[in-house]
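Please keep the sequence and the three-dimensional view at hand while reading.

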Amino acid sequence: MSQTVPVHVLAAFGLAPDTAIQVLHGGHINDTYLAGEKFVLQRINRFVFPHPEHIMDNMLGVSQFLREKVLARGGDPNREILQVVLTTQGAPAYISPEGEFWRCTRNIVNAASYETPDSPQMLQEAGRAFGEFQAMLAGYPAATLREIIPNFHNTPARMEQLKAAVAAAPKGRLAEVRAELDFAMAREERAGLLTSLLAEGKLPLRVTHNDTKMSNILFDDETKKAVCVIDLDTVMPGLTAFDFGDSIRAGASTAAEDETDLSKVRFDLDLYRAYTQGFVSAAGAALTPTELDTLPDGAWAMTFEVGVRFLTDYLNGDVYFRTAHPQHNLDRARNQFCLVEQMERQREEMGRIVREAAQG
């Protein structure tokens, strides 16, 4: 009998009551368990995701679409696509008597995820994986997907949240962040570039992953090639530039996002080039010229947006992000704004790297 996963949950997915359970610690939101060797069980955090059934609607539609694409090219969908395991009643999830929402997926064996790349080659491979994810879903009707977190990557909306935090913040905290506020407000107009292009019909709405960090890719244990994009909880309609930019924000920085010595925080063009080459080699043919042109703007926007969110949370009293000390969110905001400033200085070179990658 499992102490971490109730027996009735195991039974709901046709698993024996004595199935060995191992806690998996990779994620920060849901509770995740390896059940035996073949299955992964997850208890969805209903505070973060109040409508987990919408997640499953998106996940089933996207994974089936991807499965057909992989089959058409002669690939192995059981290894390359996250596969939902239905309950014994044929449902995509199990809701316990306590109201807990459980789902099950097949475990992809002989593969692992990594928090950070161990080489530029691994970062390039990560770019290829997320680029291929974009390319395969280019024909999916993005507007039919549920919006799991409204305005998740809406930079102008994040600016409005910052203004609200300023209006309600104690004067003491406001005095501490005057330079950071001036930095953010000076960039308010630029923050709306991508959403404006979408509204004007100059950028297409795409199926986007919205959490394109390194740890959401499984790499083959032997070849170190990316085999599967995982964690489809935040798959929603969005912009390609946001997925690209979210990867660059962390992947092309030389320091952790809470590094306080800003001399160590550097936007590394070699790392940017590695990821870009992988991403564009896989997704480039599926993207419009305007999408390719604005990939660097996505890197800028995602870094700026996260900095704004850290600053907002600091003014709000650190209610959203987990902090280790009183200045933690402010340190993070300064770190991200340092990267933003460097990206601004290197925007022309960033664009040139994209164009070179697109030309092959």
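This is a predicted model: local features need pLDDT of at least 70, side-chain atom pairs count only at pLDDT 80 or more; totals for chains, interfaces and linings use all residues.

Strands E3 and E6 (residues 101-106) are joined by 5 bridges and run antiparallel. In this pairing, Val40 stands opposite Thr105 of E6.

**Salt bridges**

Across the whole structure, a search finds 26 salt bridges. One of them brings together the side chains of Asp31 and Arg43, with an N to O distance of 3.1 Å. This pair links distant parts of the chain, since Asp31 belongs to strand E2 and Arg43 to strand E3, 12 residues apart. The two partners can be compared with the cut-offs for burial: buried means under 20% relative accessible area, and partly exposed means between that value and 50%. Asp31 has a relative accessible area of 34% and is therefore partly exposed. Arg43, with a relative accessible area of 19%, is therefore buried.

Another salt bridge joins the side chains of Arg190 and Asp297, at 3.7 Å from N to O. This pair also links distant parts of the chain: Arg190 lies in helix H8 (residues 188-191) and Asp297 in helix H13 (residues 295-315), 107 residues apart. Arg190 is partly exposed, with a relative accessible area of 30%, whereas Asp297 is buried, with a value of 10%.

A further salt bridge is formed by the side chains of Arg352 and Glu356, at 2.1 Å from N to O. Why are Arg352 and Glu356 separated by about one helical turn? Both lie in helix H15 (residues 347-359) and are 4 residues apart, which means that about one helical turn separates them. Arg352 counts as partly exposed at 30% relative accessibility, and Glu356 counts as partly exposed at 38%. Elsewhere, salt bridges that share partners unite Arg73, Glu80, Glu125, Arg128 and Glu132 in one network.

| Nitrogen partner | Oxygen partner | N to O distance |
|---|---|---|
| Arg43 | Asp31 | 3.1 Å |
| Arg190 | Asp297 | 3.7 Å |
| Arg352 | Glu356 | 2.1 Å |

**Helix H10 and Arg249**

Helix H10 comprises residues 240-251, and Arg249 is found in it. At 1.5 Å a residue, the 12 residues of H10 should span 16 Å, and the end C-alpha atoms are 17 Å apart, which agrees. Is this helix mostly enclosed or open, and how many of its residues are buried? In H10, 11 of the 12 residues are buried, so the helix is largely enclosed by the rest of the structure. Among the buried residues of H10 are Thr240, Phe242, Asp246, Ile248 and Gly251.

Arg249 itself counts as buried, at 14% relative accessibility. A polar contact of 3.0 Å connects its side chain with that of Glu257. When residues up to four places away in sequence are not counted, Arg249 touches Glu257, Met302, Thr303, Val306, Gln336 and Leu339.

**Nonpolar cores**

The largest nonpolar core contains 95 residues, of which Ile248, Phe267, Tyr272, Phe279 and Phe304 touch the most other members. Helix H13 gives the most to this core, with 12 residues. Which residues does Phe267 touch, not counting residues up to four places away in sequence? Phe267 touches Ile248, Ala252, Tyr272, Leu339, Gln342, Met343, Gln346 and Met350. A second, separate core of 14 residues includes Leu15, Leu41, Tyr94 and Cys104.

Technical notes
Residues are numbered from 1 along each chain as its sequence is written. Side-chain values use heavy atoms; hydrogens and water are left out. Two strands pair if DSSP finds at least two bridges between them. Helices (H or I, at least four residues) and strands (E, at least two) are DSSP runs, numbered from the N terminus. A salt bridge is a side-chain nitrogen of Lys or Arg within 4 Å of a carboxyl oxygen of Asp or Glu. Buried means under 20% relative accessible area, exposed over 50%, partly exposed in between (1.4 Å probe, protein chains only). A polar contact is a pair of N or O atoms within 3.5 Å; within protein, one must be able to donate a hydrogen and the other to accept it, and residues adjacent in sequence count only if both atoms are side-chain atoms. Contact means heavy atoms within 4.5 Å. A nonpolar core is a set of buried Ala, Val, Leu, Ile, Met, Phe, Trp, Tyr and Cys residues joined through side-chain atoms within 4.5 Å. The expected span of a helix is 1.5 Å times one less than its number of residues.
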